Amino acid sequence: MGGLDKGLQELGGRPMIAWVIERLGPQVDELLINANQNGERYSAFGHRVVPDQVADFAGPLAGLHAAMSVARHPLVVTAPCDSPFLPADLVARLQQALTASGASLAVVRTGAQPQPVFSLCRRELLPSLGDYLGKGGRKVARWHDTLTVVEVAFDDQAAAFENINTCADLQRLATDPVRTP
C-alpha cells in the first residue's frame, strides 16, 4: 500500500483494524494488537499494543512471537489487520480441530491452500518460535513444517480470508455490496 499502515486504512468508513477487532474480539478472552508503528493510534482501539521483540521487522512470525510472549492464555489466535471479513466461528472451529487432533497449531485452509497467518497456536511453542526466529527463519510455512499442524477447511467461507494488499483492493472491496463488512 505504498508505505501506508494497512490496519489504519478505511473500509466502509472505518479503519480495517476496527473490523478485525469487531469480528475477532467476541471470540477471544484477550485481544492483543501487534504494531511497530502508530502505537498510540492503535491503542485508541482499547486493546494492548505489543511491538515486535525481534529486530528488523521480521514479519508475521515476529508478531506472533510478541503476542505469545505477553499473552495470558494458553492459546493464541492470529489474524492480520488487512482481513476484515473474518468468520464469527473462526476461533471455535480452529480450537475444535486443535483439541480433537492434539496438534500444536491449527491453520485455516481454503481449497487446497493453507492460510498460515490465520492460526490458533499453543503458547507453549514460544521457545520453538524464538529459536526459529533467532536462527533467521522468517517464513511462516517453514516454521509450521517443524510442528504438528492440523488444517481446518473453511471452504464455506473462503472469501472471509481475502486480505487487502493494495489501494486498488481496498477500493474494489469498498464498492462490493456483497463483501463490504
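A residue counts as buried under 20% relative accessible area, as exposed over 50%, and as partly exposed in between. In this predicted model, Asn38 has a relative accessible area of 32% and is therefore partly exposed. Asn38 belongs to the loop between strand 3 (32–34) and helix 2 (39–43). Although Asn38 is not a glycine, its phi is positive, at about 55°.

**Aromatic pairs**

| Pair | Geometry | Centre to centre | Angle between planes |
|---|---|---|---|
| Phe118 and Phe161 | edge-to-face | 4.9 Å | 75° |
| Phe154 and Phe161 | edge-to-face | 5.2 Å | 70° |

Phe118, Phe154 and Phe161 form one aromatic cluster. The pair of Phe118 and Phe161 links distant parts of the chain, 43 residues apart: Phe118 is in strand 7 (residues 113–122), whereas Phe161 is in the loop between strand 8 (149–153) and helix 7 (167–174). Both Phe118 and Phe161 are buried; the relative accessibility of Phe161 is 4%. Phe154 has a relative accessible area of 0%, so Phe154 is buried as well.

**Charges over rings**

Arg93 lies over the face of Phe154, 3.9 Å from the ring centre. Elsewhere, the charged end of Arg14 sits over the ring of Trp19, at 4.1 Å from its centre.

**Surroundings of Thr78**

Thr78 is part of strand 5 (residues 75–78). Its relative accessible area is 16%, so Thr78 is buried. Leaving aside residues up to four places away in sequence, Thr78 touches Leu64, Val117, Phe118 and Ser119. A polar atom of the Thr78 side chain lies 2.9 Å from the backbone oxygen of Val117.

Definitions and conventions. Residues numbered from 1 in each chain as written. Predicted model: local features only at pLDDT ≥ 70, side-chain atom pairs only at ≥ 80, totals over all residues. Heavy atoms only, no water. Helix = DSSP H or I, 4+ residues; strand = E, 2+ residues; numbered from the N terminus. Buried < 20%, exposed > 50% of the residue type's maximum accessible area, 1.4 Å probe, protein only. Polar contact = N/O pair within 3.5 Å; in protein donor to acceptor, adjacent residues only side chain to side chain. Contact = heavy atoms within 4.5 Å. Phe/Tyr/Trp six-rings, centres within 6.5 Å; stacked < 30°, edge-to-face > 60°. Lys NZ or Arg CZ within 6 Å of the ring centre and 35° of its normal.
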